[in-house]
Amino acid sequence: LVATLSTPSESVQSAVAECLPPLAKRISDDHFARVVSDILASALAGESYSQRRGGAYGLAGMIKGRGLAALKKLLIIDQLREACDDKKVYQRRQGALFAFETLSATMGRLFEPYIIQFIPTLLTLFGDSNASVREAALDTARVIMGNISGHGVKLILPSALAGLENDQWRTKKGSVEMLGAMAYCAPKQLSVSLPTIVPRIIDVLTDAHGQVAETARQALLRFGDVIHNPEIQELVPTLLAALDEPAKNTDSALRTLLHTAFIHYIDAPSLALVIPILQRGMCARTASTKRNAAQIMGSMATLTDPKDLAPYLTELVPLLRNVLVDPVPEARATSAKALGSLVNKLGEEHFPSLVADLVKVLKSDASGVDRAGAAQGLSEVLSGIGMVRLEGLLPEVLANCNSARMAVREGFMMLLIYLPTTFGDDFQRFLPQVMPPVLAGLADENEQVRNAALRAGRILVISFATTAIDSLLPELLASMNHELWRIRHSSIELLGELLYRVAGISGKQAERDREAARALFSTVQSGDDSGEAGEAAEEEVDEDAENDALIS
């Protein structure tokens, strides 16, 4: 069997390695030591590639039969490290890497403690002067990452990330190679490590040394190769272009993502490439770019596993909140819906302070745009959490509508503008509580508060004119007799809006119809038309006037 290991066929060598463990248990210790010594010599000093490769397979098979204790007893790890440090003979370095690769594949996580100690050496060999050694280092890293545990990833990451800060470009390149090899981790370990790995690799894309930057591109491409989502797989070139040249390609990448119909779940590697583009999009200057990024972010909640998306929330939520105070209303609305979608799908436990932070903005002296964005965002977030949360917060909202501070009154009155639209018919039961502070706000001493109250009243009328007229009409009729003229004036406006809604027509459309009737009547009176045409026009005008009178 040992002689067969030199066969230039990896499948044969692998089969022999699988036969060796039970035999290794039956031979004597001296015989075992001699066989391992011969195999190790073949792995490190074999003349051909197949001899070195076969020796590595044989070593792994023998060690699996006797256990890790044999490694320490025969000083195998020390010999492999010595071979890795041999700068003169590349075959010894390559053979040692083969041995680490096969031992990791065969022993699995039992071999992990030795792997952790081997990482600094592996990082050095990534920058070896010999191409065969560099290729062996990459293959070894791929196998190691495929078998490592989540705890092992946490132990390896500091060493790999520290290498990125090194001034030596070869060390930096090796660190990038190692991070790129983590694309072959098991899915669970991959999803944990990606939020840390990919941003650091993206930073290296702009490195001054061309080989380091190219290695970073290849590392990102490896993450693209392990993507399981077919829609994202087709977009990998577009996404990598946006990561490489964000100023030039971010807009086009966002538009492409926005127009892509996703029918499969977005996996962790896909998220790792998409999230940095969304982050840059939400930091852009143009409102359209920020709006597109926020819209895609809101959709991600329904297309991904919450466990994969959760690690990114600490960076994404502040960015969405920044878009929430954008001067462009469309951008604010999109960001608010994105926050509501994320809270709805991931649960409030992932956003422990979001509601309190938005309420704090409504109570602050921030600009009107900031308070409007916070009000819209809070309404969407409450909708995502559910009615119970709204019921608990509503007394505080109504109390602050009567605050002594103008900014606070305006902020919470703005919230009443968005809540009816966000909650729909579910908000109808709160009308008896909401209508009095809204109508009281119509007589506020500050014009901004009055305007916000009037907008809130119109939204309530528009939303519930046909379903809750019994709640709206008595409040409006009572307000028509209020001692304050502003409340009487605004109540008449709202009552007119209510009657238009009940009648199923628009006030603006009725005004346009009256203007058209007046114009036609003037034409007839001037004598431009005569005879039957004139009589027909007069009849039409009379009919329109009669309809206007009935409506009025």
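## Basis of the model

Residues are numbered from 1 along each chain as its sequence is written, and side-chain values use heavy atoms, with hydrogens and water left out. Because the model is predicted, local features need pLDDT of at least 70 and side-chain atom pairs count only at pLDDT 80 or more, whereas totals for chains, interfaces and linings use all residues.

## Helix 5 and its buried face

Helix 5 spans residues 76-84, and its buried residues are Ile76, Ile77, Leu80, Ala83 and Cys84. Buried means under 20% relative accessible area with a 1.4 Å probe, protein chains only; helices are DSSP runs (H or I, at least four residues) numbered from the N terminus. Seen down the helix axis, these buried residues fall within an arc of 120 degrees, so they line one face of helix 5. The arc is that of the directions from the helix axis to the C-beta atoms.

The buried residues of helix 5 pack against helix 2 (29-45), helix 3 (49-66), helix 4 (69-73), helix 6 (90-107) and helix 7 (112-125). Beyond residues up to four places away in sequence, Leu80 touches Leu40, Leu44, Ala96, Ala99, Phe100 and Leu103, where contact means heavy atoms within 4.5 Å.

## The largest nonpolar core

Leu80 and Leu122 have the most contacts inside the largest nonpolar core, which has 170 residues. Helix 23 (residues 406-423) gives the most to this core, with 10 residues. A nonpolar core is a set of buried Ala, Val, Leu, Ile, Met, Phe, Trp, Tyr and Cys residues joined through side-chain atoms within 4.5 Å.

Ala60 is found in helix 3 and is buried, with a relative accessible area of 1%. Leaving aside neighbours within four places in sequence, Ala60 is in contact with Thr102, Leu103 and Thr106.

Val236 is found in helix 13 (residues 230-244) and counts as buried at 7% relative accessibility. Not counting residues up to four places away in sequence, Val236 touches Leu221, Gly224 and Ile227.

## The lining of the largest cavity

The largest cavity is lined by Ser104, Gly108, Arg109, Glu112, Ile115, Ile144, Asn147 and Ile148. A cavity is a set of points on a 1 Å grid over the protein atoms alone where a 1.4 Å probe fits but cannot get out, and lining residues have an atom within 4 Å of a point. Helix 7 and helix 8 (131-147) each supply at least two residues of this lining.

Terms used
Buried means under 20% relative accessible area, exposed over 50%, partly exposed in between (1.4 Å probe, protein chains only). On a 1 Å grid over the protein atoms alone, a cavity is a set of points where a 1.4 Å probe fits but cannot get out, and a pocket is an open set with protein on both sides within 12 Å along at least five of seven lines; lining residues have an atom within 4 Å of a point.
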